[in-house]
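Work through the exercises below with the model in view. Each task is followed by a solution in steps.

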Amino acid sequence: MLTTRFVDGAPNWLDVATPDLDGALAFYGALFGWRFESAGPDAGGYGFFQLDGRTVAGGMQTGPDQGPPAWTVYFQSQDAQATATAAGQAHGRVLFPPLDVMGQGHMAVLADQAGVRFGIWQPGRTRGLDAADEPGALCWVELYTADIAAAAAFYHRVLGLETSGVPFPGGTYTCVNPSGAGDDAMFGGMVPLADDPTEAAAGPYWLPYFAVEDTDAVVEKTQRLGGTVRVPATTVAGVGRMARLADPYGARFAVIRSETPQG
């Protein structure tokens with residue numbers, strides 16, 4: 001599970017790049033109850049989505065030459081430069097080299113061996129998100145990729161991540177956790193694109209999941225607010241009820257009401 005007791009290799013930040021920041025704020029504000037706080041005049045319009053005064057994500061407005069609207073997941077590193085170097089050595093790419101963010105930390109944006117974009121956050125004054133694994137906050141991430149073995153090798157080399165197979169309805173699910181942290185630190189999974197026609201058409205990427213109290217209500221509200229239902233609400237025994245969605249500008253995300261473990 002994700003927590004705010006961040007460890008190296010685990011997600012500790014995420015942000016959305018959108019062509020209409022005001023529109024995105026209206027959408028996510030109505031959907032999750034988020035409010036927006038600017039990072040200040042020197043931040044280029046970047047700001048923070050907050051829930052009850054706690055930061056749950058970042059957001060920025062981008063132009064048409066800066067790529068499609070999308071969520072980017074950032075993983076914790078104690079040395080962003082070393083991680084960027086490791087990504088290049090593992091046949092990934094450095095899209096934006098490490099830079100200091102006004103003393104708050106160092107960030108970089110990289111791509112894995114399949115071209116999937118992800119971020120690195122080296123904590124400074126800001127360790128990461130203020131909330132995780134609660135309604136309206138990040139609770140899980142999923143990598144959709146054509147080659148699970150290649151992806152597992154890349155992220156192990158670059159971030160020290162470990163993978164394990166977990167029995168799942170219809171097959172085996174590949175879970176991901178930081179090196180040596182054990183099953184309790186699982187924060188995400190890897191899914192073969194070939195197993196999912198919806199994602200195969202979209203190509204490989206990291207998908208953030210937000211916890212919700214009522215998946216069906218969020219799906220209905222997403223449609224009403226101009227978003228898209230990519231995969232309708234579905235219940236997976238032992239996991240919860242989830243749906244894959246997109247905001248009005250095309251940034252993809254998922255929601256889940258997790259089942260409470262029994263016993």
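**Exercise 1: two helices**

H2 and H3 are roughly antiparallel to each other, a label for angles over 145 degrees. The model is predicted, so local features need pLDDT of at least 70 and side-chain atom pairs pLDDT 80 or more, while totals for chains, interfaces and linings use all residues. Residues are numbered from 1 along each chain as its sequence is written, and side-chain values use heavy atoms, without hydrogens and water.

Task: find at what angle the axes of H2 and H3 cross, and which residues make the contact.

Solution. Step one: the axes of helix H2 (residues 80-89) and helix H3 (residues 148-159) cross at roughly 150 degrees and come within 8 Å. Helices here are DSSP runs of H or I with at least four residues, and strands are E runs of at least two. Step two: from H2, the contact (heavy atoms within 4.5 Å) involves Thr 83, Ala 86, Ala 87 and Gln 89, and from H3 Phe 154, Arg 157, Val 158 and Leu 159.

**Exercise 2: the buried side of a helix**

Task: list which residues of helix H5 (residues 215-224) are buried, and what they pack against.

Solution. Step one: Thr 215, Val 218, Val 219 and Thr 222 are the buried residues of H5, where buried means under 20% relative accessible area. Step two: they lie on the same side of H5, because their arc around the axis is only 105 degrees. Step three: they pack against helix H1 (21-32) and strands E14 (228-236), E15 (240-246) and E16 (252-258).

Terms used: Axes are lines fitted to C-alpha atoms, for helices over the stretch in contact, and angles run from 0 to 180 degrees between N-to-C directions. Angles under 35 degrees count as roughly parallel, over 145 as roughly antiparallel, 65 to 115 as roughly perpendicular and the rest as oblique. Buried means under 20% relative accessible area, exposed over 50%, partly exposed in between (1.4 Å probe, protein chains only). The arc is that of the directions from the helix axis to the C-beta atoms.
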